[in-house]
Amino acid sequence: MSEIDKCVLKTIVETANDHFFIVSGEGRVLDISPGAEAVYGAPREELLGSSVYQLQQAGILKPSITLEVMRTHQPAQLMQVTGTGRRVIAEAYPVFVNGKLERVISRSRDLTDLQLLQDEYALLQKRFSEHLKRSQAAPDAEEQALDDALDNLQARSHVMREVALLLKRVAPSDANVLMLGESGVGKTAFAKQLHRWSQRSDGPFIEVNCAAIPENLFESEMFGYQPGAFSGAARQGKAGLLEQAEGGTLFLDEIGELPLLMQTKLLKVIQDGSLTRLGDTRPRKVDFRLVVATNQNLAKQVEAGLFRLDLYYRLNVIPVTLPPLRDRREDIPDLVEACLERLNQRYGRQKILGNPVWSALMGSDWPGNVRELENWLERAWLSSPTDQIEAPNPHPYTEQPPAYLTKASTSPLVAALAPDETLKQYLARLERDTLEALSKTLPSTYAIAERLGISQSSVVRRLQRYGIKVTK
């Protein structure tokens with residue numbers, strides 16, 4: 001490296017906002033950026049020459065991200081608490097020479113000030129919400145315009161009308177929207193409505209369930225590929241889902257299930273406004289409005305190192321929380337009437353709800369929210385022999401909760417180890433039989449995931465591996 005290049009590198013390290021550590025492949029600290037002293041609470045001379053093993057043992061690095069990279073030989077990201085009590089987000093990358101780990105480069109970003117800003121933002125947001133409640137409602141003209149624009153969305157409760165009004169106000173912009181809420185609350189329906197209200201309504205609405213795409217296919221599905229990019233690739237190549245959203249809205253559901261590598265690539269697309277297909281070297285400009293949704297706590301995932309902090313802040317521009325159905329029961333009558341109308345049209349009969357059913361509908365907590373309500377209504381519609389619908393259970397999911405919410409096992413006992421069967425084969429058979437049994441008794445992959453205590457994306461991958469479909 002020339003002297004000029006050395007000076008350039010030194011200037012970058014010394015003036016960067018991030019705090020750099022350069023560590024040898026054996027864990028010896030070779031260099032640090034000057035600002036690291038204040039954050040980690042140790043003088044530069046003490047840090048230089050010591051090892052990351054010693055620094056972790058002394059509590060200066062809690063934990064050491066470099067040790068994680070040395071263990072896995074893979075890039076890593078995690079949350080640290082320094083010896084001075086400051087919280088930092090740390091990233092580290094291995095440097096290989098001829099296949100040997102020679103260096104680990106780590107950089108950390110102090111989150112303490114960011115956390116204070118975030119707390120201040122949360123306080124301002126709370127005050128704004130309280131102001132809206134005190135004002136009781138938007139002006140009459142705006143309320144009437146909202147009624148006219150809601151289309152088929154059933155938003156009669158005050159809290160849901162606030163959500164709809166916020167989405168209508170931000171729809172003309174291209175700001176990223178993060179939709180939060182339990183499974184089944186209607187995040188997809190509101191994302192589609194946001195698209196219809198936006199200036200991109202003539203463009204496509206591309207919906208992607210991040211948990212439903214196998215991880216080994218994710219990059220090719222999202223970014224597309226060139227002819228011959230990999231074995232089995234289409235001869236003409238393929239535009240990915242990001243390109244297909246050109247001029248419209250890209251809706252990424254279950255964003256919390258996005259693999260870390262894909263998080264990095266998505267962040268680059270958001271920052272650069274371009275992407276590169278697999279097997280290509282030419283970047284392509286993309287233009288879409290990004291809306292994401294999750295039922296998970298992304299902030300906690302960031303702390304656990306499962307979600308990139310920088311991507312979280314990019315996505316969390318307009319956070320919108322949809323409350324569960326149990327907190328807005330006044331929406332239930334309109335949801336039921338709309339669902340009943342769709343069922344009557346679909347099956348060609350005009351059925352009505354018996355009076356006892358209404359008390360059951362209004363009295364249930366509906367842990368699965370709108371999706372569960374609609375599924376229950378369809379089951380009641382199909383199981384009623386007359387044109388008056390009676391509840392299959394007097395109190396849906398209140399006196400008798402669904403099987404997947406209980407601890408009782410729903411899978412039969414498996415046979416003993418077969419002759420000549422290895423442990424790996426036996427465990428695979430056990431897994432397959434369990435999934436087959438649950439897929440016949442539980443209503444969705446989410447229910448199976450909750451019963452087994454694993455993520456929904458893991459269930460989807462295992463079902464695909466064994467060729468099993470949820471049949472209930």
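The model is predicted, so local features require pLDDT of at least 70 and side-chain atom pairs count only at pLDDT 80 or more, whereas totals for chains, interfaces and linings use all residues. Residues are numbered from 1 along each chain as its sequence is written, and side-chain values use heavy atoms, with hydrogens and water left out.

**Stop 1: the antiparallel sheet**

Begin with the five strands that form an open sheet in the order S2-S1-S5-S4-S3, with antiparallel pairing. Strands (E, at least two residues) and helices (H or I, at least four residues) are DSSP runs, numbered from the N terminus; two strands pair if DSSP finds at least two bridges between them. Select strand S2 (29–32) and strand S3 (76–81) to see the edges, where each pairs on one side only. From one strand to the next, the twist averages 25 degrees. Next, display S1 and S5, which run antiparallel and are joined by six bridges. Ile-22 stands opposite Ile-105 in S5.

**Stop 2: the largest cavity**

A search of the whole structure finds three cavities of 30 Å³ or more. On a 1 Å grid over the protein atoms alone, a cavity is a set of points where a 1.4 Å probe fits but cannot get out, and lining residues have an atom within 4 Å of a point. Grid points are joined across faces, edges and corners, and a volume is the space filled by probe spheres set on the points.

The largest cavity holds about 80 Å³ of space. Select its lining residues, among them His-19, Phe-21, Tyr-40, Thr-66, Gln-80 and Arg-107. Strand S1 (19–24), helix H5 (65–72) and strand S5 (100–110) each give two or more residues to this lining, and S5 gives the most, with three. By class, the lining has five nonpolar, six polar and one charged residues. Here Ala, Val, Leu, Ile, Met, Phe, Trp, Tyr, Cys and Pro count as nonpolar, Asp, Glu, Lys and Arg as charged, and the others, Gly among them, as polar.

**Stop 3: the second largest cavity**

The volume of the second largest cavity is about 50 Å³. For its lining, select Asp-18, Gln-77, Ile-89, Glu-91, Arg-107, Arg-109, Leu-309 and Asp-310. Two or more of the lining residues come from each of strand S4 (87–97), S5 and helix H14 (309–315). The lining divides into two nonpolar, one polar and five charged residues.

**Stop 4: the parallel sheet**

Now turn to the open sheet of five strands in the order S7-S10-S13-S6-S14, where the pairing is parallel. Strand S7 (205–209) and strand S14 (318–321) stand at the edges with a single partner strand each, so one side of each lacks a neighbour in the sheet. Five bridges join S7 to strand S10 (residues 249–253), and Val-208 has Leu-252 in S10 as its bridge partner.

**Stop 5: helices H19 and H20**

Finally, select helix H19 (residues 445–452) and helix H20 (residues 456–466), whose axes come within 8 Å and cross at roughly 110 degrees. Axes are lines fitted to C-alpha atoms, for helices over the stretch in contact, and angles run from 0 to 180 degrees between N-to-C directions. H19 and H20 are therefore roughly perpendicular to each other (angles of 65 to 115 degrees count as such). Thr-445, Tyr-446, Ile-448 and Ala-449 in H19 meet Gln-456, Val-459, Val-460 and Leu-463 in H20, contact meaning heavy atoms within 4.5 Å. This contact has six nonpolar, two polar and no charged residues.

Key:
Parallel < 35°, antiparallel > 145°, perpendicular 65-115°, else oblique. 1 Å grid on protein atoms, 1.4 Å probe; cavity = no way out; pocket = protein on both sides within 12 Å on 5 of 7 lines; lining within 4 Å.
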